[in-house]
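Let's take a walk through this fold, one piece at a time. Have the viewer open and follow along.

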Amino acid sequence: MATAERPEAEVGPSATARPNVLDGPFTTRQLLRIDEALRIADESTGLVFTVYVGPLTEPVREHAQRLHLELADPARAVLVAVSPNQRVLEVVTGAEARKRIPDRDAKLAALSMVAAFGGGDLTGGVVSGLDQLATRAGRNA
């Protein structure tokens, strides 16, 4: 199942749940696009793709690796961690995923995402990057 990192719901004074995600950098439509890209990547490859958007503490790579290790199946997982305010991006692949997505290909996908982010398209960059990573991984064997 595709998963996007989403904060817990907040309960306001009226006791109705309101997800924090609505206060984030994405509209509902953008979240749906990312969720669809995650679903397609997961189903087409058999790997587990996850997107984290938020702050990353220094050293950034180590923080991304810790997030990756918290996933349900880190060996088959691919984490795209983006911190727009810090202007950093990390792609972390587990041992099984790395066999199908070599570091060179992950870096190429990251460069593509960074180009889109530079143009102000956070959603498009994430969606395009997920597609490139899934294409490189190939069909579920």
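One term before we start: a residue is called buried here when its relative accessible area is under 20%, and exposed when it is over 50%. Keep in mind, too, that this is a predicted model.

First, the overall layout. The protein chain has five helices and six strands, and reading from the N terminus the order is β-β-β-α-β-α-β-β-α-α-α. Of the 141 residues in the protein chain, 41% are buried. If you take the contacts between residues at least 6 apart in sequence, 59% of them join residues at least 24 apart.

Now go to helix H5, which covers residues 122–137. What covers them? At the start, a side-chain oxygen of aspartate 121 comes to within 2.8 Å of the backbone nitrogen of glycine 124. Just after the helix, glycine 138 adopts a positive phi of about 80°.

Three of those elements lead us to the next stop, helix H2. E4, H2 and E5 form a β-α-β unit, and its hand is right. The two strands of the unit, E4 and E5, run parallel and are joined by six bridges; in that pairing, threonine 50 stands opposite leucine 79 in E5. On the way from E4 to H2 you pass through a loop that holds proline 59. Check the peptide bond from glutamate 58 to proline 59: it is cis, with omega near -10°.

Which residues of H2 (60–69) are buried? They are Val60, His63, Ala64, Leu67 and His68. These residues cover an arc of only 145° around the axis, so they lie on the same side of H2. The buried residues of H2 pack against E4, E5 and E6.

Pick out histidine 63, which belongs to helix H2. Its relative accessibility is 13%, which is why it counts as buried. Setting aside neighbours within four places in sequence, histidine 63 is in contact with Pro55, Leu56 and Thr57. Its C-alpha atom is separated by 9.6 Å from that of glutamate 90, which is 27 residues away along the chain.

From there, move on to the stretch around E6. The loop between E5 and E6 contains arginine 87, a residue with a positive phi of about 60° even though it is not a glycine. Is arginine 87 buried or exposed? It is exposed, with a relative accessible area of 74%.

Threonine 93, in strand E6, gives a contrasting case: its relative accessible area is 6%, so threonine 93 is buried. Beyond its neighbours within four places in sequence, threonine 93 is in contact with His68, Ala77, Val78, Arg98, Ile101 and Asp103.

Key: Residues numbered from 1 in each chain as written. Predicted model: local features only at pLDDT ≥ 70, side-chain atom pairs only at ≥ 80, totals over all residues. Heavy atoms only, no water. Helix = DSSP H or I, 4+ residues; strand = E, 2+ residues; numbered from the N terminus. Expected span 1.5 Å × (residues − 1). Polar contact = N/O pair within 3.5 Å; in protein donor to acceptor, adjacent residues only side chain to side chain. Buried < 20%, exposed > 50% of the residue type's maximum accessible area, 1.4 Å probe, protein only. Arc of directions from axis to C-beta. Contact = heavy atoms within 4.5 Å. Pairing = 2+ DSSP bridges. Right-handed = clockwise from strand over helix to strand, strands pointing away.
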